Amino acid sequence: MTNKIVVVDGLGNLRSVAQALRAAAPEADILVSNRAEDIDAADRIVLPGQGAMRDCMRSLRESGAEDALLRAVKTRPVMGVCVGEQMLFDASEENEGTPGLGLLPGRVVRFQLDGKLQSDGSRFKVPQMGWNRVRQTRAHPLWDGVEDGAYFYFVHSYYAAPENRDDTIGEADYGGMYTCAVARDNLVATQFHPEKSAAAGLRLYRNFIHWNP
């Protein structure tokens, strides 16, 4: 049976996400769309996002994709990526407060790194941009075949701070440990970009595509 995957067309690097999914699972049917009927017909959904969370949320709402996404998370696997992860939470500090989808309890906060120095004596820069190790805080099918401490690619100034510690499945260190991967029921999400993370990222997408929560 064909695995129909919709990459939600909002604000994000949609082409590279779709290409990575096709590389991870050539047998899957990958569609980039923000149409509610396409999301309703999908077997699983990937929600990317880039830029300001406020703009991503507005795009979801205006296209009608928000309601379809809220229907989808009740019964099908959904994966958020970068700002797509942040949108799953209650709200963000960005733009003096931006409501999210409220699917996971917690807030999105900005790195507070003023005065902190890295091990080489340089200042921490915000946004964090580049490769960083991810520590797996608990077992999850998303990590199958992915080495604990593997490097993934990050570009972000904000990160999710879940209320429930059990929702965190991965952490990274950037001036202190913070949550960079979450999961609950049929929902998973990463702050880092699997599509920019070479073999480990493709393995993550393949794991999501074959995951049956």
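This is a short chat about the predicted model shown above.

Q: What kind of model is this, and how are residues numbered?
A: The model is predicted, so to speak of local features pLDDT must be at least 70, side-chain atom pairs count only at pLDDT 80 or more, and totals for chains, interfaces and linings use all residues.
A: The protein has six helices and 14 strands. Both are DSSP runs, numbered from the N terminus: helices are H or I with at least four residues, strands are E with at least two.

Q: How compact is the protein for its length?
A: Its radius of gyration is 16 Å, close to the 17 Å that the globule rule gives for 213 residues, so the protein is as compact as a globular protein of that length. The radius is taken over C-alpha atoms, and the rule is 2.2 Å times the number of residues to the power 0.38.

Q: What does the C-alpha trace span?
A: About 55 × 40 × 30 Å along the principal axes.

Q: How much of the protein is buried?
A: 54% of the 213 residues count as buried. Buried means under 20% relative accessible area, exposed means over 50%, and partly exposed is in between (1.4 Å probe, protein chains only).

Q: Which residues touch the most others in the largest nonpolar core?
A: Leu 21, Met 87, Phe 152 and Phe 192 do, out of 71 residues in that core. Helix α1, residues 14-24, gives the largest share, six residues. A nonpolar core is a set of buried Ala, Val, Leu, Ile, Met, Phe, Trp, Tyr and Cys residues joined through side-chain atoms within 4.5 Å. In soluble globular proteins, nonpolar side chains tend to be buried together.

Q: New topic. Where is Val 134, and is it buried or exposed?
A: Val 134 is in the loop between β8 (128-133) and β9 (135-136). Val 134 counts as buried, at 2% relative accessibility.

Q: What is the peptide bond from Val 126 to Pro 127 like, cis or trans?
A: That bond is cis, with omega near 10 degrees. Pro 127 sits in the loop between β7 (104-110) and β8. Most residues other than glycine have a negative phi, and most peptide bonds are trans.

Q: Which phi does Cys 82 have, positive or negative?
A: Positive, about 60 degrees, although Cys 82 is not a glycine. Cys 82 is in the loop between β4 (78-81) and α5 (83-86), and at 4% relative accessibility Cys 82 counts as buried.

Q: What about Ala 198?
A: Ala 198 also has a positive phi, near 55 degrees. Ala 198 lies in helix α6, residues 198-209. Ala 198 is exposed, with a relative accessible area of 53%.

Definitions and conventions. Residues are numbered from 1 along each chain as its sequence is written. Side-chain values use heavy atoms; hydrogens and water are left out.
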